[in-house]
Amino acid sequence: MKQYKVGIIGATGMVGQRFCLLLANHPWFKVEVVAASARSAGKRLEDAIGNKWAMTSPIPENLKDMIVMDATADIEKISSSVDFVFCAVNMKKDEIKALEEAYAKAECPVVSNNSAHRGTPDVPMVVPELNPEHIEVIKSQRERLGTKRGFIAVKSNCSLQSYVPLFHPLMKEFGVEKAVVCTYQAISGAGKTFETMPEIVDNVIPYIGGEEEKSEQEPLKIWGKVEGGKIVNATEPVITAQCLRVPVSDGHTAAVYVTFKKKPTKEQIIKAWESFSGVPQELQLPSAPKQFIHYFEEDNRPQAKLDRNIENGMAVSAGRLREDTLFDYKFVGLSHNTLRGAAGGAVLMAELLAAKGYFD
Ligand SMILES: NC(=O)c1ccc[n+]([C@@H]2O[C@H](COP(=O)([O-])OP(=O)(O)OC[C@H]3O[C@@H](n4cnc5c(N)ncnc54)[C@H](OP(=O)(O)O)[C@@H]3O)[C@@H](O)[C@H]2O)c1
């Protein structure tokens, strides 16, 4: 496989730091540029991050001396020195939209963790195991933007990775009619650690701005179809969500209740989960988990602390599947929010795009 030069836009942030770890020794991608705000620009990456480094392993040796560029002022320079960029920045939605479009228009593809473009109909929002075919819409997006290479592809919100992958293998045969999900979300999802979010210790905060709408709506885009150069959202299942912030460093848990059009047996559900695999497994993409969904028989699993790192944080876990009194079934799901849910999911999407020739 060809090697691609990549940039990390937002390299000093929580998701950016994950990108640094995932890309420092990646077989296909070589980090050529790190960029952040004007506050960090001109500094060594290690100095720019300072005491904000939130990962358990140290900042990679081959990246720590890189000089941080200015994500906005250096767009032309960055675009001409890399094959594509990963983007995870904390800015206003309009500013992010403009920034990502500026990179795309400078013929630099953008693989984004930001939510700004998730609603744009010709921007694919891809979970590579679930809807890899959505990348076809890039052709129409390029026409709209007037670009040859440049485009934007986005990752979905982190919360829904803890339940949408568990509905997906059941959709075709059994049809998911409606679901209630309650998510228990880690503080790294807000870019925080226990040091920077002391108010979460001994506490649960029952509000995460915008999260419930994303958790209900984004799955419908993932299950949508490419039609007439855009993605037309699915109209079902109906999902209602409540999202809570809990004192956990990494790993979003979801408590799920679901009713099917045709009720499966418990054994059929577990079999569908354990046997499910997608294009990333078929293509053996470097970051693809060997088994996407892991089911636990133990009553006290999955647990965020014990199970978030299964298959390098790229697998999704499920447990406590049982019949319910109001819905057909209830169960618990778990995924690592900054790995599968953010940087890892974006790297996997980039591997899919690379394998399909979108960066050439
Ligand atoms: N954390 C998660 O689990 C997660 C999951 C999915 C999606 N996301 C999304 O990923 C994005 C980043 O999240 P995060 O948690 O990594 O945030 P974060 O820790 O606050 O990091 C923000 C990054 O954005 C940069 N930045 C801020 N203002 C900027 C500006 N004006 N121009 C250029 N760069 C600027 C920061 O650079 P400086 O250090 O120079 O300020 C830093 O690198 C957000 O859109 C978030 O919604 C996060």
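The following questions and answers concern a predicted model.

Me: Which helix supplies the largest share of the shell around the ligand?
Reply: Two helices, α1 (14–23) and α13 (339–355), each supply at least two residues of this shell. The largest share is three residues. The helix that supplies this share is α1.

Me: Which residues come nearest to the ligand?
Reply: There are 28 residues around the ligand. By class, the shell has ten nonpolar, 17 polar and one charged residues. Those that come nearest are Gly13, Ala36, Ser37, Ser40 and Gly191.

Me: From which domains does the shell around the ligand draw at least three residues each?
Reply: One of these domains is formed by 4–157 + 342–355, which is domain 1. The other covers 160–336, which is domain 2. The shell thus draws at least three residues from each of domain 1 and domain 2.

Me: What is the handedness of the crossing of α1 and α13?
Reply: The two helices cross at roughly 50 degrees, and their axes come within 9 Å. The crossing of α1 and α13 is right-handed.

Me: Are α7 and α9 roughly perpendicular or roughly parallel to each other?
Reply: Helix α7 packs with helix α9 (residues 266–275) at an angle of about 110 degrees, their axes being 9 Å apart. The crossing of these helices, α7 and α9, is right-handed. An angle from 65 to 115 degrees counts as roughly perpendicular. Therefore α7 and α9 are, to each other, roughly perpendicular.

Me: Is Lys330 buried or partly exposed?
Reply: Lys330 is found in strand β14 (residues 329–335). A residue is buried if 20 or more other C-beta atoms lie within 10 Å of its own, and exposed if 12 or fewer do. Because Lys330 has 18 C-beta neighbours inside 10 Å, it counts as partly exposed.

Me: What distance separates the C-alpha atoms of Lys330 and Trp273?
Reply: Along the chain, Lys330 and Trp273 are 57 residues apart.

Me: What is the form of the peptide bond from Arg301 to Pro302?
Reply: Pro302 has its place in the loop between β12 (293–296) and α11 (304–307). Omega of the bond from Arg301 to Pro302 is near 0 degrees. The form of this peptide bond is cis.

Me: What is omega for the peptide bond from Glu236 to Pro237?
Reply: Pro237 is found in the loop between β9 (230–232) and β10 (238–245). The bond from Glu236 to Pro237 is cis, and its omega is near 5 degrees.

Me: Where does Glu107 lie?
Reply: Phi of Glu107 is near 65 degrees, a positive value in a residue other than glycine. With 16 other C-beta atoms within 10 Å, Glu107 is partly exposed. Glu107 lies in the loop between α5 (93–105) and β5 (110–112).

Note on methods. Residues numbered from 1 in each chain as written. Predicted model: local features only at pLDDT ≥ 70, side-chain atom pairs only at ≥ 80, totals over all residues. Near = placed C-beta within 6 Å. Helix = DSSP H or I, 4+ residues; strand = E, 2+ residues; numbered from the N terminus. Nonpolar A, V, L, I, M, F, W, Y, C, P; charged D, E, K, R; others polar. Domains from an automatic or database assignment. Axes fitted to C-alpha atoms, helices over the stretch in contact; angles between N-to-C directions. Left-handed = near helix turned anticlockwise from the far one by under 90°. Parallel < 35°, antiparallel > 145°, perpendicular 65-115°, else oblique.
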